[in-house]
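Hello,

Here is the structure you asked for. My notes on it follow below.

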Amino acid sequence: MRCDLLVVSAVQLITAPERRGPLLGSDLDRPEILEDAAVACAGGTIAAVGRTAEVTARYPEREARRIVDARGLVLAPGFVDCHTHLPFAGTREMEFDARSRGESYAAIAEKGGGIRASVRHLRAASEESLADSVTKRLERLLSQGTTTVEAKSGYGLSLDAERKQLRALRRASESSPVEIVPTFLGAHEVPDEHRARREDYVELLVESMIPAIARDHLARYCDVFCDRGVFTVDESRRILLRGRECGLGVKLHADELADVGAAALAAELHAVSADHLLHASPQGLRAMAEAGVIAVLLPGTAFTLGLPYARARVMVEMGLPVALATDFNPGSTMSSSMAMAMTLAVTQMKLTPAEAWMAATANAAHAVGEGERLGRIQPGRRADLALFDARDYRHIAYHYAEEHVRLVVKRGVVVMDRGDGLRCA
């Protein structure tokens with residue numbers, strides 16, 4: 001049989017076991033590991049997975065349109081970064097400096113920094129320059145093994161500026177192989193012009209902004225920063241229900257800075273995911289587990305801001321589906337490295353390397369509603385693959401701050417190849 005791409009002789013292949021739904025509890029630590037592995041791809045999907053001799057018996061090398069010799073390399077699903085703020089303008093090094101001198105995130109925000117600073121940068125940028133910036137960031141993500149990324153608006157905080165962010169994502173996606181899942185986060189902060197009457201901004205969100213974004217098909221999800229000093233549980237409920245009425249899925253920034261009951265709200269609304277959860281109560285986490293809400297953990301934020309890490313071990317043991325993401329943004333996590341997120345998950349949140357891999361691939365795919373299509377190397381799924389310069393999957397989180405990715409495949413096509421001696425005929 002003929003295939004478009006044949007990857008052979010990987011020293012190791014790691015993927016989730018073949019089953020429906022996200023991995024829970026002890027199953028998160030039981031990935032499928034194959035040695036001397038091969039994958040055949042046809043029509044953008046995976047046609048066969050197994051040991052090299054088995055796969056090449058069905059798909060002979062002489063009949064493959066392209067062959068990649070993965071000898072000495074680890075083969076894994078492309079990362080799914082399920083929480084980023086990718087379309088931003090400008091950076092905030094001055095806040096990084098201020099925090100090093102003892103200022104808190106909240107104090108910086110109160111003086112007009114934080115999200116509000118990024119809003120000023122975004123509003124001053126053109127859509128074209130923003131799309132160009134996103135395109136460059138997508139190139140970097142691809143080089144780090146990320147093949148799908150969720151990307152939020154939320155630095156515009158007006159209908160025109162939010163549209164600009166989401167249109168920039170659409171433009172960038174047209175020239176990049178990285179798949180983008182767009183999320184509307186107009187409820188990221190109350191903009192300066194509405195701070196004296198925040199209820200007017202909530203009204204603007206539910207009556208104007210959300211319907212317009214949904215009508216233009218600019219986003220798949222609606223998100224709210226439900227936390228101390230941002231949006232209350234009641235405000236968040238109203239905004240998210242309006243998003244659902246307009247056909248958008250539900251996501252939350254939940255209980256990052258304090259326990260305000262956002263995790264419980266995520267369970268009440270059966271959100272696809274609740275993210276951050278650094279201060280979520282045990283009751284809120286249990287409610288999420290019962291409702292099947294995915295806990296998206298963002299260790300890079302705790303690392304950058306010096307906050308306590310989310311209680312990943314507790315969440316896994318209570319049966320919560322746990323996913324990992326970078327939270328790539330200009331304020332609290334200026335890193336797009338999923339490998340670094342895995343390192344922090346292992347060293348600071350006490351996940352095992354296998355759990356971190358499953359959280360960054362299979363479960364992360366479920367956190368963007370694509371768990372039946374992405375995040376696993378299995379026949380019939382999208383052929384999104386990454387090859388890592390290592391002989392053991394555990395090496396990637398262990399040997400941190402290194403460029404391990406050698407080659408990336410998206411939809412069965414080689415889209416990134418470092419070209420440093422890997423045989424790719």
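Asp 29 has a relative accessible area of 36%, so Asp 29 is partly exposed (buried is under 20%, exposed over 50%, partly exposed in between, with a 1.4 Å probe and protein chains only). This is a predicted model, in which local features need pLDDT of at least 70 and side-chain atom pairs count only at pLDDT 80 or more, while totals for chains, interfaces and linings use all residues. Residues are numbered from 1 along each chain as its sequence is written, and side-chain values use heavy atoms, with hydrogens and water left out.

Asp 29 lies in the loop between β1 (5-15) and β2 (32-42); strands are DSSP runs of E, at least two residues, and helices are runs of H or I, at least four, numbered from the N terminus. Not counting residues up to four places away in sequence, Asp 29 touches Thr 352, Ala 354 and Glu 355 (contact means heavy atoms within 4.5 Å). With Thr 352 there is a side-chain to side-chain polar contact of 2.6 Å (a pair of N or O atoms within 3.5 Å, one able to donate a hydrogen and the other to accept it; residues adjacent in sequence count only if both atoms are side-chain atoms). The C-alpha atoms of Asp 29 and Ala 359 are separated by 9.9 Å, although the two residues are 330 apart along the chain.

Asn 363, in helix α15 (residues 362-366), counts as buried because its relative accessibility is 0%. The side chain of Asn 363 reaches the backbone nitrogen of Leu 23 at 2.8 Å. Beyond its neighbours within four places in sequence, the contacts of Asn 363 include Pro 22, Leu 28, Ile 294 and Met 358.

Regards
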